[in-house]
Amino acid sequence: MPFPIPLGLVAPMPVLSSEDYKDLQEKIGYHFKNIQNLETALTHRSYKDSRKNYELLEFLGDSIVNFLVVDFLVENFPDHKEGVLASMKAYLISEEFLSSIAEELGLDKYVKISGNRKFVSSSVLADLFEALLGAIYIDSERDMNFLRQLFFEKYGNRMREVVEKGLYKRDYKTLLQELTQGKWKDRPVYRVVSVVGKEHEKVFEVECSIREHRAIGKGRSKKEAQQEAAKKVYEMLQNT
Ligand code: MN
């Protein structure tokens with residue numbers, strides 16, 4: 001039996017006028033020389049007329065965000081250790097952070113996607129923002145200095161806030177799992193290796209392992225030991 005198609009999904013999308021793009025460009029802080037670049041950045045591969053979709057621009061934009069975030073951190077927080085900078089970076093390039101910027105720009109209202117625009121996922125939103133940066137880079141004739149300036153100007157305060165309020169400090173079990181899911185579609189395993197000491201003075205040792213990587217963490221509770229073990233493996237993987 002065929003699936004019933006909800007009515008909302010077959011309604012045609014409103015056609016955007018160049019006026020609408022004008023608003024968006026104002027928010028972005030950049031005026032496209034070739035509006036086609038912006039349109040491509042906003043076209044999902046599922047869209048019926050997508051001769052061009054955002055995939056290539058997203059691929060490019062992904063690297064641009066990585067670079068700009070690291071450049072920002074190195075310039076503004078040179079006294080932090082590299083391991084700390086790495087976890088700040090991990091947050092600042094995460095789906096969570098980038099999709100919140102995309103949402104604020106209202107990219108979900110502009111995206112050309114099949115189905116219901118109301119349900120644009122946060123992973124598509126993050127992709128849209130990456131694609132947008134790729135598009136600006138291309139459209140500005142690869143003017144990285146300009147793009148860097150724009151990015152710092154528009155999102156510098158936000159990034160600083162993330163660092164100063166410690167919003168990037170997510171728990172290591174979650175961070176590690178995200179990393180290994182992305183890398184291998186696999187998750188780490190935790191195992192209690194030993195418990196020593198009397199009641200109220202117990203020390204737990206937990207091993208965290210994924211593939212050939214493993215580390216042991218110690219703590220006053222199983223949870224604390226797991227966090228330490230996860231942190232060690234996370235840092236190991238960041239350096240490989
Ligand atoms: Mn992406």
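Predicted model: local features only at pLDDT ≥ 70, side-chain atom pairs only at ≥ 80, totals over all residues.

**Exercise 1. Are Y91 and F97 buried or exposed?**

Residues are numbered from 1 along each chain as its sequence is written, and side-chain values use heavy atoms, with hydrogens and water left out.

Solution. 
- Step 1. Apply the cut-offs: buried is under 20% relative accessible area, exposed over 50%, partly exposed in between (1.4 Å probe, protein chains only).
- Step 2. Y91 and F97 are both buried.

**Exercise 2. Count the aromatic pairs and classify F72 with F152.**

Solution. 
- Step 1. Rings of Phe, Tyr and Trp (its six-membered ring) pair if their centres lie within 6.5 Å; planes under 30 degrees apart are stacked, over 60 edge-to-face, the rest tilted.
- Step 2. Eight aromatic pairs are present.
- Step 3. For F72 and F152, the ring centres are 5.2 Å apart and the planes meet at 85°, so this pair is edge-to-face.
- Step 4. F72 sits in helix α4 and F152 in helix α9 (residues 144–164), so the pair links parts 80 residues apart in sequence. Helices here are DSSP runs (H or I, at least four residues), and strands are E runs of at least two, numbered from the N terminus.
- Step 5. Both F72 and F152 are buried.
- Step 6. Y91 and F97 give a tilted pair, with 5.9 Å between centres and 50° between planes.

**Exercise 3. Which residues donate to the manganese ion?**

Solution. 
- Step 1. Donors are N, O and S atoms within 2.8 Å of the metal (3.2 Å for Na, K and Ca); water is not among the atoms, so sites may look incomplete.
- Step 2. The protein donors are E58 (OE), D127 (OD) and E130 (OE), at 2.3 to 2.4 Å.
- Step 3. Their sequence spacing reads E-x68-D-x2-E.
- Step 4. E58 belongs to helix α4 (residues 55–76) and E130 to helix α8 (residues 122–139), so the two tie together parts 72 residues apart in sequence.

**Exercise 4. Which residues does E58 contact, leaving aside its neighbours within four places in sequence?**

Solution. 
- Step 1. Contact means heavy atoms within 4.5 Å.
- Step 2. With those neighbours set aside, E58 contacts D127, E130 and A131.
- Step 3. Buried E58 has no salt bridge (a side-chain nitrogen of Lys or Arg within 4 Å of a carboxyl oxygen of Asp or Glu).
- Step 4. The nearest side chain of opposite charge to E58 is R45, 6.3 Å away; Lys and Arg count as positive, Asp and Glu as negative, while His and the chain ends are not counted.
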